[in-house]
Amino acid sequence: MPRIAYVNGRYTSAAEACVHIEDRGYQFGDGVYEVCLVVDGAYWDEEGHLARLDRSLKALSIARPMSERALKTVMAALVRKNRLKTALVYIQVTRGVASRNHPFPEKKVAPSLVMTARAFNLEKSEQQAAAGVDVITAPDIRWGRVDIKTINLLPNVLAKQEAQKAGAAEAWLVKGDTVTEGASSNAWIVTRDGELVTHPLSNEILGGITRQAVIECAEALQMRIVERAFTTEEAVNAAEAFLTSATGLVMPVVRIDGKPIGEGKPGPVSRRLRNAYIDRWAVR
Ligand code: PDD
């Protein structure tokens with residue numbers, strides 16, 4: 001069955017879908033995005049993702065393409081039209097189409113809205129989580145407002161490519177001597193005293209929706225959480241490490257730059273948090 005995409009008001013074959021060559025997203029990376037997981041019709045943290053989309057749009061003064069309610073309708077229709085049950089929905093909004101000039105267009109232009117959906121295999125993700133993943137470290141060379149979820153992802157792309165080359169699933173980005181976050185996920189450690197540590201919200205990380213949900217799960221499990229920066233050395237010497245994102249959920253990290261974390265296998269805290277996060281949404 002051909003994949004269906006949503007492009008500016010139309011559901012169309014993904015293979016034939018087109019955007020204008022002067023779309024500002026294409027020419028300047030002048031746009032924002034979200035990725036939201038849907039499992040058996042349940043949209044995980046949908047409210048959070050749509051609220052962050054709104055925040056990103058406001059931060060860049062890009063007009064809202066449609067109401068939140070309408071966005072939810074399109075998301076559901078797209079998943080249905082692609083006959084998917086468990087899927088990742090990608091939403092991208094750019095400032096729109098205008099003759100190439102750096103400042104915002106003088107004349108009001110409509111923002112461009114594109115959505116795609118692709119199958120997500122939760123079982124495969126479970127297998128990956130059972131084995132744990134490797135991460136590498138890479139310098140954080142991104143701009144000063146990575147709290148906005150923009151489509152400008154070149155430093156993330158380059159870091160991820162290095163990770164892939166090294167056989168790792170993610171790159172943890174390092175600024176000074178501290179880990180900010182992953183190229184497409186938030187970074188966490190569990191200290192040997194059992195404290196959960198993740199970088200505090202700031203302009204230096206993306207406020208992950210999964211990160212927030214996992215904080216809530218950890219609180220409910222009465223775990224100790226400290227939002228502070230941690231160093232690469234601390235991470236390597238931690239009892240456990242894991243990452244969080246809409247695509248990885250809670251994913252145990254078992255090696256950093258080839259060095260084993262704890263016993264070199266997924267730890268109990270990461271497992272409990274992954275189960276708690278999945279149980280928030282999935283009917284098992
Ligand atoms: N990435 N940090 C960065 C830089 C990210 O790109 C992401 C998500 C996260 C985690 O955010 P959330 O928990 O809301 O997914 C943190 C998505 C999945 C992506 O780019 O594909």
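**Exercise 1. Work out why the largest pocket lies between two domains.**

Solution. Domain 1 (4-120) and domain 2 (125-282) both give residues to the lining of the largest pocket, so the pocket lies between them. The domain bounds come from an automatic or database domain assignment. A pocket here is an open set of points on a 1 Å grid over the protein atoms alone, where a 1.4 Å probe fits, with protein on both sides within 12 Å along at least five of seven lines; lining residues have an atom within 4 Å of a point.

Before going on, note that this is a predicted model: local features need pLDDT of at least 70, side-chain atom pairs count only at pLDDT 80 or more, and totals for chains, interfaces and linings use all residues. Residues are numbered from 1 along each chain as its sequence is written, and side-chain values use heavy atoms, with hydrogens and water left out.

**Exercise 2. Describe the lining of the largest pocket.**

Solution. Start with the count: 50 residues line the largest pocket. Next, find its centre, where Lys160, Ser184, Ser185, Ser245 and Thr247 lie nearest. Then sort the lining by class, which gives 22 nonpolar, 18 polar and 10 charged residues. The classes are Ala, Val, Leu, Ile, Met, Phe, Trp, Tyr, Cys and Pro as nonpolar, Asp, Glu, Lys and Arg as charged, and the others, Gly among them, as polar.

**Exercise 3. Classify the aromatic pair of Tyr33 and Tyr90, then that of Trp44 and Tyr277.**

Solution. Rings of Phe, Tyr and Trp (its six-membered ring) pair if their centres lie within 6.5 Å; planes under 30 degrees apart count as stacked, over 60 as edge-to-face and the rest as tilted. There are five aromatic pairs by this rule. Tyr33 is in strand S3 (residues 31-39) and Tyr90 in strand S5 (residues 86-94), 57 residues apart; strands (E, at least two residues) and helices (H or I, at least four) are DSSP runs, numbered from the N terminus. Buried means under 20% relative accessible area, exposed over 50%, and partly exposed in between (1.4 Å probe, protein chains only). Tyr33, at 11%, is therefore buried, whereas Tyr90, at 26%, is partly exposed.

Now turn to the other pair. The ring centres of Trp44 and Tyr277 are 5.6 Å apart with planes at 80°, so this pair is edge-to-face. Trp44 lies in the loop between strand S4 (42-43) and helix H2 (46-59), and Tyr277 in helix H8 (residues 268-281), so the pair ties together parts 233 residues apart in sequence. Trp44 is buried at 2% relative accessibility, and Tyr277 is buried at 2%.
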